[in-house]
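Trainee: Could you walk me through this structure? I have not looked at it before.
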Amino acid sequence: MLLSQYIFLFLSFVAIISALMLVLDKNPVHSVLYLIITFFAIAGHYLLLNAQFLAVVHIIVYAGAIMVLFLYVIMMLNLNKDIEPHKKNIPKVAAAVAAGLLLLSLTALVNGAEVNMLPAARNSNIGLMDNLGKTLFKEYMLPFEISSILFLSAMVGAVFLSKKEIH
Amino acid sequence: MEIFILYKAILVLVVFAISLGVAAYSTYGERKVAAFMQDRVGPDRAGPFGMLQPLADGLKMFMKEEIIPTVSNKFLFVLGPSLAMLTALMTGVVIPWGGDITIGNMVFPLQITDINIGILYIFGVVSFGVYGIMIGGWASNNKYSMLGALRASSQMISYEIAMGLAIVALVMTTGTLSLREIVTQQSGNWVNFIYQPLGCLIFIICAFAETNRAPFDLPECETELVGGYHTEYSSMKLGFYLFAEYINMFISSAIIMSLYFGGYNLPFQNYIAPYIDGNILSILQFGCFFTKVLFGIFFFMWIRWTIPRFRYDQLMNLGWKVLIPLAIFNILITGVLMYALGKV
């Protein structure tokens with residue numbers, strides 16, 4: 001096997017185990033830390049795909065900013081004791097069934113898909129910074145700008161909702 | 001190939017050792033600078049001029065009793081300072097310390113790795129640096145630690161934004177994210193500070209906030225929070241936190257110098273370079289860079305002993321209401337000027 005295949009297996013192993021631990025661990029702070037490990041493993045996958053920019057931005061945005069906010073909120077709410085609010089059995093069963101169905105349909109989807117439908121990567125260097133920038137700002141200029149306006153409006157909405165009304 | 005890997009391994013060790021050495025002597029330097037500013041003598045007992053003081057401090061740190069609070073989460077309690085140290089040491093990898101050294105027909109660059117997204121790599125590591133403080137503060141299970149950790153994390157997140165925006169303007173003028181490329185562009189040319197004075201100022205202020213140095217050292221504000229996030233730490237685990245701060249200072253000073261003040265380039269390098277051997281030039285460049293970095297560290301200390309600490313609301317106002325709009329304005333001005341001068 002190639003070295004990259006070993007790395008792929010290792011990263012996948014780390015990603016799956018930490019994602020499982022994220023769900024199974026009862027302490028919310030530990031769950032957040034497991035999620036961060038998962039993000040790092042996925043960033044490693046991006047690096048294997050020669051998408052450096054995506055990998056680094058993934059770390060900066062998800063592991064560096066969003067998860068810090070998650071951790072922040074969990075620490076503020078002081079959920080650090082292993083107590084969870086008592087839940088009734090019916091929601092638990094419903095959640096298990098729904099998640100199981102989702103897993104089943106996803107597996108069926110992946111199973112039915114043809115693997116070589118994707119054209120062989122047009123350009124293996126597409127993930128590098130300058131190629132990505134040129135593609136985004138030349139070929140996909142309009143969708144790019146529209147999605148950034150979408151983000152802006154979401155931000156404005158969040159600020160508006162969190163502002164207290166002035167009497 | 002083997003020589004190459006061996007060389008890189010040695011370089012990693014050397015950078016590691018230099019970072020630790022500089023950090024150790026920064027503690028001594030800090031006390032001497034503080035003493036000078038306050039008209040005192042400072043440490044002068046251990047060795048000539050107190051030069052052995054850092055060794056004595058290190059020994060003391062190791063010999064202290066190690067206390068782990070029983071109510072804390074042991075694994076995370078140890079993980080906190082380890083992460084702080086790890087992230088502090090990881091940034092040194094992409095900094096160009098000097099030009100190339102040629103032996104025979106082999107070229108050895110004085111930089112561990114020149115990835116083409118060097119600046120983004122630094123940002124990734126810096127944004128991860130919050131975890132060391134947050135995890136440590138939370139795992140201590142102490143309200144002062146907790147408050148210190150929350151302060152530190154909100155401060156670091158807030159100032160990261162302005163820092164990133166300041167860098168965007170720099171990237172616009174240089175057109176690259178590789179640190180080595182940015183440094184070579186400044187050789188025989190004006191340094192980037194001339195093109196980006198406002199961006200440089202914003203970057204330096206944010207660097208102070210990111211390293212938790214005065215006047216932004218609210219996370220460890222003694223008057224309100226005992227010791228802040230490291231209240232419960234003792235022995236070398238406390239040492240790691242304090243050490244990480246000094247390493248961060250060293251690295252951020254190196255980054256400021258590389259980005260805005262010409263990096264390892266000598267002054268008037270174009271006139272000197274033809275007359276001396278390439279290897280000697282590289283060594284001179286390393287010396288020059290190191291002098292600049294040491295001045296940067298002195299600057300950090302100078303500010304610390306000059307300006308009092310901010311209040312927390314002032315800190316947040318400065319970050320969100322002053323620095324971020326200024327950084328956006330800077331990007332705008334840079335764009336307009338580049339378009340007007342036909343550089344695009």
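Trainee: How confident is the prediction for chain A, then?

Mentor: The mean pLDDT of chain A is 82, and 83% of its residues reach 70 or more. Within that chain, helix 6 (residues 141-162) has the highest confidence, with a mean of 90, while helix 5 (residues 129-139) has the lowest, at 81.

Trainee: And what is chain A built from?

Mentor: Chain A has 6 helices and 0 strands, so read from the N terminus its elements run α-α-α-α-α-α. Of its 167 residues, 21% are buried. If you take the contacts in chain A between residues at least 6 apart in sequence, 54% of them join residues at least 24 apart.

Trainee: Which helix of chain B does helix 3 of chain A pack against?

Mentor: Helix 3 (residues 52-77) of chain A packs with helix 5 of chain B, at an angle of about 15 degrees and with the axes 11 Å apart. These two helices are therefore roughly parallel to each other, and their crossing is left-handed.

Trainee: Which residues make that contact?

Mentor: From helix 3 of chain A the contact is made by Ala63(A), Gly64(A), Met67(A), Val68(A), Leu71(A), Tyr72(A) and Met75(A), and from helix 5 of chain B by Val130(B), Tyr131(B), Met134(B) and Trp138(B). Sorted by class, this contact has 10 nonpolar residues, 1 polar residue and no charged ones.

Trainee: What about inside chain B, where does helix 3 of chain B cross helix 5 of chain B, and at what angle?

Mentor: In chain B, the axes of helix 3 (residues 74-90) and helix 5 (residues 130-139) come within 7 Å and cross at roughly 155 degrees. Because of that angle, helix 3 of chain B is roughly antiparallel to helix 5 of chain B, and the crossing is left-handed.

Trainee: Who touches whom there?

Mentor: On the side of helix 3 of chain B you will find Leu76(B), Phe77(B), Leu79(B), Gly80(B), Leu83(B) and Ala84(B), which meet Tyr131(B), Gly132(B), Ile135(B), Gly136(B), Trp138(B) and Ala139(B) in helix 5 of chain B. By class, that contact has 9 nonpolar, 3 polar and no charged residues.

Trainee: Changing topic, which phi value does Asp39(B) have?

Mentor: Asp39(B) has a positive phi of about 60 degrees although it is not a glycine. As background, most residues other than glycine have a negative phi. Asp39(B) sits in the loop between helix 1 (2-37) and helix 2 (53-63) of chain B. Asn212(B) also has a positive phi, near 60 degrees, and is a residue other than glycine; its place is the loop between helix 9 (197-210) and helix 10 (222-225) of chain B.

Trainee: Is Asp39(B) buried or exposed, and why?

Mentor: Asp39(B) counts as exposed because its relative accessibility is 72%, where exposed means over 50%. Asn212(B), at 4% relative accessibility, counts as buried.

Trainee: Last one: where is Pro109(B), and what is it in contact with?

Mentor: Pro109(B) lies in strand 2 (residues 106-109) of chain B, and its relative accessibility of 21% makes it partly exposed. Leaving aside neighbours within four places in sequence, Pro109(B) is in contact with Tyr7(B), Lys8(B), Leu11(B), Gly99(B), Asp100(B) and Arg180(B). Pro109(B) and Gly199(B), in turn, are 90 residues apart in sequence and 29 Å apart in space, C-alpha to C-alpha.

Methods:
Residues numbered from 1 in each chain as written. Chains lettered and ligands numbered in written order. Predicted model: local features only at pLDDT ≥ 70, side-chain atom pairs only at ≥ 80, totals over all residues. Heavy atoms only, no water. Helix = DSSP H or I, 4+ residues; strand = E, 2+ residues; numbered from the N terminus. Buried < 20%, exposed > 50% of the residue type's maximum accessible area, 1.4 Å probe, protein only. Contact = heavy atoms within 4.5 Å. pLDDT = per-residue confidence, 0-100. Axes fitted to C-alpha atoms, helices over the stretch in contact; angles between N-to-C directions. Parallel < 35°, antiparallel > 145°, perpendicular 65-115°, else oblique. Left-handed = near helix turned anticlockwise from the far one by under 90°. Nonpolar A, V, L, I, M, F, W, Y, C, P; charged D, E, K, R; others polar.
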